[in-house]
Amino acid sequence: MPEAGVAPAVSTMKIIILGAGQVGSTLAENLAGENNDVTVVDTNSALLQELQDRLDIRTVAGFASYPDVLARAGADDADMVIAVTDSDETNLVACQVAYSMFHTPTKIARVRAAEYQRNGGMLFAPDAMPVDMQISPEQLVTDYITRLIEYPGALQVVDFAHGRVRLVGVKALFGGPLVGQELRELAAHIPNVDSRVAAIYRRGKPIMPEGDTVVEAGDEVFFVAAREDISKVMSEMRRIDKPVKRVLLAGGGNIGLRLAKALESRCRVRLIERDRERARYLSERLNNTIVLAGDAANENLLIEENIEHADVFCAVTNDDEANILSAMLAKRLGATRVLSLINRPAYLDLVEDRDVDIAISPQQSTVSALLSHVRRGDVVRVHSLRRGAAEAIEAVAHGDQRSSKVVGRRIDEIKWPQGASVGAIVRRDKVIIAHHDTVIESEDHVIVFMVDKRYTPQVERLFQVGITFL
């Protein structure tokens, strides 16, 4: 029996990551320092060596779905296999091998092709393909961009509790009613709306907000509110942006196609695709989108398409350089807001806050989706924020006051780690914005923001149920 007030020891998870590309390496980096036994498998020995030089992990060179390679990686006693190679088929076969030969408890596969995800996911039923979770980076990025377009001016929008609660990052600007005032004034400005500012970043450094904290122009403010109240809170931080009506997309790959489908019923969408055959295919698949064959970095083409009237220009080709250049050009020619998909982490900070309003990382979206299956305690959702430096989680409280460190306690009675703040609680169908005297009940979904993800394991331990806590 553990000592009173001491959390049980956290056991090491044995995780095999198949694929050392951008997603696999980013995931390995996230998991290696969290008391996990991580092994990465790839056919590229140079990539594996580079990872091993940086991280405390094991590597195995070989084809990810081969039984002998999985055996060498330690699949016999692995807790989890995460297949994120560039091949859907390799990922699916690897999960099948892990299930049939090694009885691996949890199997996760990255599946990019939409064809595998049709028919209501019947392919991934328990008696069919043994994949416990399949993730589509393209769909995750599409959902992410769609949320940004829904809230013009937002830097980041993430969902919790099936979309009932959202955490939004927004840059405070001159003209916002709350800018230059203390946070406690927020309730008086919008009396019928409850929200909580979870963190403020000023010149890149985090500030834990208090009632007397003054919001300054240029602050990056992260707040939590019920979905229906997001726009009202945003309007306090900056003059409200007009709803997005005109969208110009660059790139007709999987993301471009999904994004056009998601937006064409509510926006005027134009899509530029370089390959003529692909452009013809897209025009047949889309109903209300105008598809243009051409180069999105062609100044004359952008001018002809009235780029100065575009509310959003979004570059989502497979080429980082093409995305950056076309987005910078669109901004210079008058597009209100430009977004660029960027795979290389080194480019992200280089371009954002200059000529590109928002740089979107598919890796961070994918890793966020994966982390909820790796976190300890009952963590049902994880969002990586600010290039992975910060994190927000949705954790479920279980037990009672004797077995839990959070249940039956006021928020200000709980020993949260430095830089952690509770934004909201979802109790059954009710959204409760957290205050210092809010008491957490069993089965509450608690949304916690951490300005430094290094403290995430401490928050997870708070939500683990012990035999007794006195």
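**Sheet, helices and contacts**

Mentor: This is a predicted model. Helix H7 (residues 230-237) lies across E7, E8, E9 and strand E11 (220-226). The angle of H7 to E11 is about 155°.

Trainee: In what order do the 5 strands of the open sheet stand?

Mentor: The pairing in this sheet is antiparallel. Its edge strands are E7 (154-160) and E10 (205-207), and each pairs on one side only. The twist averages 20° from one strand to the next. The order is E7-E8-E11-E9-E10.

Trainee: Which residue in E10 stands opposite Ile 200?

Mentor: Look at strand E9 (residues 195-202) and E10. They run antiparallel, joined by 3 bridges. Opposite Ile 200 stands Ile 207.

Trainee: At what angle to E7 does helix H5 run?

Mentor: H5 covers residues 137-150. The helix lies across E7 and strand E8 (165-171). Its angle to E7 is about 120°.

Trainee: Which residues have the most contacts inside the largest nonpolar core?

Mentor: That core has 49 residues. A second, separate core has 48 residues, including Met 13 and Ile 425. Phe 223 touches several residues, among them Leu 167, Val 197 and Met 234. Inside the largest core, the residues with the most contacts are Ile 145 and Phe 223.

Trainee: Which residue in the hairpin of E20 and E21 takes a positive phi?

Mentor: Strands E20 (residues 420-427) and E21 (residues 430-433) pair in the antiparallel sense over 4 bridges. Within that pairing, Ile 425 has Ile 432 as its bridge partner. The hairpin has 2 residues between the strands. The residue with positive phi, near 55°, is Arg 428.

Trainee: Is Arg 428 buried or exposed?

Mentor: Arg 428 lies in the loop between E20 and E21. Its relative accessible area is 64%. Exposed means over 50%, so Arg 428 is exposed.

**Charges and cysteines**

Trainee: How many residues apart in sequence are the parts that Lys 107 and Asp 132 tie together?

Mentor: Their side chains meet in a salt bridge, 3.1 Å from N to O. Lys 107 lies in strand E5 (residues 106-110), and Asp 132 lies in the loop between E5 and strand E6 (133-135). Lys 107 is buried at 4%, whereas Asp 132 is partly exposed at 47%. The pair ties together parts that are 25 residues apart.

Trainee: Which residue forms a salt bridge with Glu 216?

Mentor: Glu 216 lies in the loop between E10 and E11, and its partner lies in strand E9. Glu 216 is partly exposed, with a relative accessible area of 33%. The closest N and O atoms are 3.4 Å apart. The partner is Arg 202.

Trainee: Which residues are linked in a network of salt bridges?

Mentor: The structure holds 22 salt bridges. One network links Arg 147, Glu 150, Asp 159 and Arg 166.

Trainee: What is the relative accessibility of Cys 314?

Mentor: Buried means under 20%. Cys 314 counts as buried. Its relative accessibility is 1%.

Definitions and conventions. Residues numbered from 1 in each chain as written. Predicted model: local features only at pLDDT ≥ 70, side-chain atom pairs only at ≥ 80, totals over all residues. Heavy atoms only, no water. Buried < 20%, exposed > 50% of the residue type's maximum accessible area, 1.4 Å probe, protein only. Pairing = 2+ DSSP bridges. Core = buried A, V, L, I, M, F, W, Y, C linked by side-chain atoms within 4.5 Å. Contact = heavy atoms within 4.5 Å. Axes fitted to C-alpha atoms, helices over the stretch in contact; angles between N-to-C directions. Salt bridge = Lys/Arg side-chain N within 4 Å of Asp/Glu carboxyl O. Lists of a residue's contacts leave out its neighbours within four places in sequence.
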